[in-house]
Amino acid sequence: MATNKQHVGLSADGNMPESGAQKSWMDQLNRKRVPGPRTPYHHKLDARTGCSTRAVHSGTYHDPVSGAVGTPVFQSTTFLFQDKTYDAFFEGVTRDVPIYTRYGNPSQWSVQEKVAALEGAESAVVFSSGMAAIATTVYALTNRGGHIVTSYDVYGGTYNLVREDLHQSDREVSFVDPTDLSAIEAAIQQNTQMFLFEGLSNPLLKGLPVKSICELARKHNILVVIDNTFLSPVASRPLEFGADIVIHSATKYLNGHSDMTAGVASGSRKFLDRIWAQMLRLGGQLDPNSCFLLERGLKTLALRMRAHSENATAIASALDSHPKITRVYHPSLPGYEQTELLDICKGNYGGVVSFEIEGGDPAALAFMEKLELAQVATSLGGVESLVSMPFNTSHSSLTERQRQQVGIRPGLIRFSAGVEDQNDLLNDILNALEQI
Ligand SMILES: Cc1ncc(COP(=O)(O)O)c(C=O)c1O
């Protein structure tokens with residue numbers, strides 16, 4: 001057993017080896033992989049507990065010194081070396097011991113345990129943004145010469161990443177309609193390594209046939225990565241259907257208060273170790289203070305999602321028959337085609353509803369100006385209602401033709417319903433429509 005730094009080959013200034021031992025640790029096929037990382041003080045709940053219970057309790061750090069009921073903020077970049085630290089270096093298991101905050105910090109582990117418990121995952125990694133989670137995951141789980149199948153219907157930042165960056169590192173990308181299984185199958189190549197899709201698409205709320213996609217992927221030995229930001233684990237847990245990795249922009253529903261940015265990836269310990277190692281190289285870990293905010297937000301996730309979903313469903317229903325609205329996009333409405341999603345979510349579709357206003361973009365812009373409660377701002381998933389137009393925000397990097405191909409038509413508004421009283425929101429929207 002190693003007990004000092006000479007045994008583990010740390011450099012004279014104590015710098016950590018970033019490859020060597022760590023790499024062999026990651027690739028050891030016979031290594032017993034334990035869930036986590038966590039300490040004995042991170043609360044572990046029975047997996048049979050309900051979603052709200054896990055949201056409140058899972059991962060909370062029970063401080064043995066103070067008895068604090070909430071997780072303290074471990075506002076420290078580095079941690080005292082002990083024998084177990086040297087052993088960790090020796091064995092290459094530096095993910096499981098607090099060493100340095102880019103590697104891991106008990107505040108991060110609390111959030112990761114909570115999200116992993118909600119998603120039904122063995123492990124999770126928190127990031128400084130949703131884009132950090134997506135980019136790190138894509139780079140970690142594909143390599144040079146690989147091919148990724150994704151869609152134009154993804155968040156604009158994700159589209160920019162796959163469109164502008166991946167070819168620079170010799171990764172090919174194909175774009176398909178994510179609801180069309182035969183199109184996805186037709187896009188598979190010998191070098192296809194990953195399907196990258198959103199569980200409920202932005203902004204047209206097309207539901208992914210996630211079970212069928214996972215079955216197809218398994219047949220061809222392809223990894224499935226699902227961005228579940230719009231639905232949250234309260235509505236859908238893609239790992240249960242065979243997805244390999246679930247990603248969130250935790251900036252949205254998971255945190256829920258529009259006051260920080262974060263991302264998270266969860267899945268098996270085997271894949272998350274690889275994503276974590278990529279995160280070490282790219283940076284992008286979440287700082288302890290933001291972990292505190294995110295963990296606090298997560299505690300009310302189940303409660304908030306119920307309110308968001310009820311409000312969005314009521315708005316969809318009210319607008320569906322409104323004479324100034326030409327089309328409403330929401331899974332609760334008759335004729336919604338992606339029945340697999342309806343089956344999975346059972347009425348809980350998150351808080352986004354999209355609709356087209358008669359008169360196109362000028363009428364839609366005028367409508368937004370007349371709203372008094374809902375704020376005109378990009379983003380979603382906060383307690384306050386936010387409204388924006390995809391053509392000049394989230395999807396502005398698509399060409400006019402690509403927007404048409406996806407189905408983003410003039411006058412399209414994306415409304416992120418907050419948790420305000422339903423009648424107040426409905427009155428705000430109906431009043432604004434009356435004035436245009
Ligand atoms: C579905 C989806 N995924 C990822 C992101 C990126 O997340 P972040 O802004 O936290 O980097 C967003 C942002 O809007 C999003 O809507």
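Modeller: Gladly. This is a predicted model, and its domain assignment gives domain 1 (33-72 + 105-298) and domain 2 (302-434).

Biologist: How far apart do the C-alpha centres of domain 1 and domain 2 lie?

Modeller: The two domains touch each other: 34 residues of domain 1 are in contact with 35 residues of domain 2. Between their C-alpha centres, the distance is 25 Å.

Biologist: Which helices each supply at least two residues of the side of domain 1 that touches domain 2?

Modeller: That side of domain 1 divides into 17 nonpolar, 13 polar and four charged residues. The helices that each supply at least two of its residues are α3 (51-57), α7, α9 (210-220) and α10 (232-235).

Biologist: Let us turn to the ligand. Which helices each supply at least two residues of the shell around the ligand?

Modeller: The ligand is surrounded by 15 residues, and the closest are Ser129, Gly130, Tyr155, Ser249 and Thr251. By class, the shell has three nonpolar, ten polar and two charged residues. At least two shell residues come from each of α6 (130-141) and α7 (156-165).

Biologist: And inside the protein, which residues of the largest nonpolar core touch the most other members?

Modeller: In soluble globular proteins, nonpolar side chains tend to be buried together. Here the largest nonpolar core has 106 residues, with at least three drawn from each of domain 1 and domain 2. Another core, of six residues, lies apart from it and includes Ala88 and Val97. In the largest core, the residues touching the most other members are Val125, Phe195 and Val264.

Biologist: Is Thr85 buried, partly exposed or exposed?

Modeller: Thr85 sits in helix α4 (residues 83-91). Leaving aside neighbours within four places in sequence, Thr85 is in contact with Val97 and Ile99. A residue needs 20 or more C-beta neighbours within 10 Å to be buried. Thr85 has 19 C-beta neighbours inside 10 Å, so Thr85 counts as partly exposed.

Biologist: Last one: which strands stand at the edges of the five-stranded sheet, and why is one side of each left without a neighbour?

Modeller: The open sheet runs in the order β8-β9-β12-β11-β10, with mixed pairing. One example is β10, which pairs with β11 (residues 386-388) in the parallel sense over two bridges, and Val376 stands opposite Val387 in β11.

Key: Residues are numbered from 1 along each chain as its sequence is written. This is a predicted model: local features need pLDDT of at least 70, side-chain atom pairs count only at pLDDT 80 or more; totals for chains, interfaces and linings use all residues. A residue is near a molecule or strand if its C-beta atom, placed from the backbone, lies within 6 Å of it. Helices (H or I, at least four residues) and strands (E, at least two) are DSSP runs, numbered from the N terminus. Ala, Val, Leu, Ile, Met, Phe, Trp, Tyr, Cys and Pro count as nonpolar, Asp, Glu, Lys and Arg as charged, and the others, Gly among them, as polar. A nonpolar core is a set of buried Ala, Val, Leu, Ile, Met, Phe, Trp, Tyr and Cys residues joined through C-beta atoms within 7 Å. A residue is buried if 20 or more other C-beta atoms lie within 10 Å of its own, exposed if 12 or fewer, and partly exposed in between; C-beta atoms are placed from the backbone. Domain bounds come from an automatic or database domain assignment. Two strands pair if DSSP finds at least two bridges between them. Two residues are in contact if their C-beta atoms, placed from the backbone, lie within 7 Å.
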